[in-house]
Each structure stands twice: as C-alpha cells, then as structure tokens.
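This report considers aromatic ring pairs and a side-chain contact. The sequence and the model are shown below.

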Amino acid sequence: MGLVLLLGFLLLQEPVQPPTELPRSEEAQILSSEHPLLSGRVRFIHWPGDGARAARLLAAIERVPVLPGLPPEVPGVADIYLAPSMEIWDALTGGAIPEWGAGVAIPSRGIAVIPVNEGPTATLDDRDATAVHEWAHLGLHDYLAGLRIPRWFDEGYAQWVSSGWDFEEAWRLRVAHAGSGAPPLDSLTLNWPADRTDAQLAYLLSASAVEYLVAESGARGMEIFLTRWREMGDFEAAFRETFGTTTGSFESRWIAHVKRRYSWVLVLYQTAAFWLFAGLAIIYLFSVRRRRDRERMAKLRATDPPDLPAYWEGPPTPPIGGFTSDREGAGRG
C-alpha cells in the first residue's frame, strides 16, 4: 500500500465521549478474536451490515499477533470501532480528524476508529494496513506508557509494521530534500499537518526514516532500543546507547542515504516514464481521431455526384461512309 494515502492518525487529546444512545437500527455489535495470543485483548465494534469488513480487518491483525520489538502481551486491551457514518466518526474522534483520514488511534482510551467508507480509491489491502497501523500505535503507547514518543518515530514505526512505504514514492523524498520541502524529523511534533499534501510528505519522511533505521540495525536492534527506552525513560539516551549515534547524526546519514539511493536519475526516470505514457496516449488518441475522420470523409465522398456526369456529354457520333474525319471524306469526293 505504502502511503496511497489512506493516512492513519494518532490522537493524544481526549476525544468527545462516544454516543451513549444510538437508534435501534444502528446498535453496535462486537466481534472478538479467538486467536490464542489475542483472545480477550482485541475487539471490533461494528454496526449492522459491516460484519464482513470487521472479520477481514480482525484477520489482518491476527496475522501480526506480536508487534515487532514489543512483548507479545501488548497492547493489553484494544477496541477498534468501524464508524459507519461521519456523525459517529466525529463523535468517536471529537471531530479533530480531517475527513480524508483513514483511521485514528486514541491510546489514552485504548481504542482506534476506522471509517467504513475510506474513499473510492481505498483497496482491501489499504484497509487491512490501516487496521494494523492503528494496532501498532496502540501497542507502542501501551508499552511506553507515560513516555513522550517523537511523532516521526511513532508514525514511522506504525507504518513499518503495517506495510512499509511505497518505493514509487521515493522521488518525493529526493525532491523534498533537494529544496526546502522536507522539515527536520524533530519538527514533526504533535501538531501533525492537517493539509493532505503536507501530511503525505510527513508520513513518507517518517516511514522511510524508520525503515532505514531497521535496515541499519535489524529488527533485533529495534527490540533492544525499545527495551532500553522503556527502562531509561529517555528517547535520545536510549537511541545513542543502542545505535551509537545521536538522532541528529542519524538524520544526516538518512538524508545522505536518500540522496544517494534515490538520485535524480530515479526522478528523471519516473518523470520520463510519465511523459512517455502521456505521449503514447496522445499518439493513440490522434490515430483514432484521424481514422475516424478518414471514414467520415469516405462516406461523404460516396454520396457526392461525379465531376463529369453522363448527362453533360452528348452521344458519340458514328463514322459516315467509312470516313474517319471530314477532311478525309472531302479528299475522296
């Protein structure tokens, strides 16, 4: 999936309480996991007609019963709501999430909310990844209870667990780092971008940074880091002790890695591929138009009268007396 972007959110402030009274036709139903590691820990609350969706999303989480780098028992208990309408979505999230958001985790309540209709471009795999993304948020905050988690790491970890990031979006990283479009990682604070374009870039930066961190240290390095972070209570100190570098130095290496791996060749290639496709499409449309014009012209010509109709010419004059011309006849007389 990458970042199509069905973006998941993390909501740390207290949302409005869920509605206590719903119309009888919209009474919530509960689907619980029977997975040995998840039984009694995760429930999907859905409304009539969404049982199949709830079962599919629950199956997606059951494929990741243990979150990478975390103990198997976290998150402890999680309720995931499938909001069937914007009214219920706003009631569960406090109206703080843009309408294009694909999901939100609220660690303070141990719940996540996923809208049933995430948009016409959402695929089933996108929805599965959204459920795992929010599950990862809940697990990370459960394990690091009370600790401040940098936003870039929070979102990057959830994206790494759920689906990674789309290589085809790498050119955006290269372009962003070439100009002033890429903000420093530590500036991606709790004030997450509300604009869709800015949010897409923020998610892409976070996801690629964590992917690079895991590629450099391995999944085991992530486990050691999270354990030390929980014990020490300090993100920067645990980061430095585990990876042997500061977050500032890591960010510099990550940017150099992005520029080296996703060079302008990739940008030009993807741009050239786009224009090649566009050019072929234009040529095809031009050929169709030209063929249609030829067929239309042929039909018009078929109904036109000939240039010299037969009735414009008199009948041919037969030869007289065997003479072929007047001059020859006069000479013989």
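Phenylalanine 235 is buried, since its relative accessible area is 11% (buried is under 20%, exposed over 50%, partly exposed in between, with a 1.4 Å probe and protein chains only). Tryptophan 229 and phenylalanine 235 form an edge-to-face aromatic pair, and both residues are buried. The model is predicted: local features need pLDDT of at least 70 and side-chain atom pairs pLDDT 80 or more, whereas totals for chains, interfaces and linings use all residues. Residues are numbered from 1 along each chain as its sequence is written, and side-chain values use heavy atoms, without hydrogens and water.

The structure holds 17 aromatic pairs; rings of Phe, Tyr and Trp (its six-membered ring) pair if their centres lie within 6.5 Å, with planes under 30 degrees apart stacked, over 60 edge-to-face and the rest tilted. Two of these pairs are tabulated.

| Pair | Centre to centre | Angle between planes |
|---|---|---|
| Phenylalanine 225 and phenylalanine 235 | 5.5 Å | 80° |
| Tryptophan 229 and phenylalanine 235 | 4.8 Å | 65° |

Phenylalanine 225 lies in helix H6 (residues 196-232) and phenylalanine 235 in helix H7 (residues 235-243), 10 residues apart, so that their pair links distant parts of the chain. Helices are DSSP runs (H or I, at least four residues), numbered from the N terminus. Phenylalanine 225 counts as buried, at 0% relative accessibility. Ring pairs link a cluster that includes Phe225, Trp229, Phe235 and Phe239.

Histidine 141 belongs to helix H3 (residues 124-143) and is buried at 16% relative accessibility. Its side chain makes a polar contact of 2.5 Å with that of aspartate 154; such a contact is a pair of N or O atoms within 3.5 Å, where within protein one must be able to donate a hydrogen and the other to accept it, and residues adjacent in sequence count only if both atoms are side-chain atoms.

Note on methods:
Helices (H or I, at least four residues) and strands (E, at least two) are DSSP runs, numbered from the N terminus.
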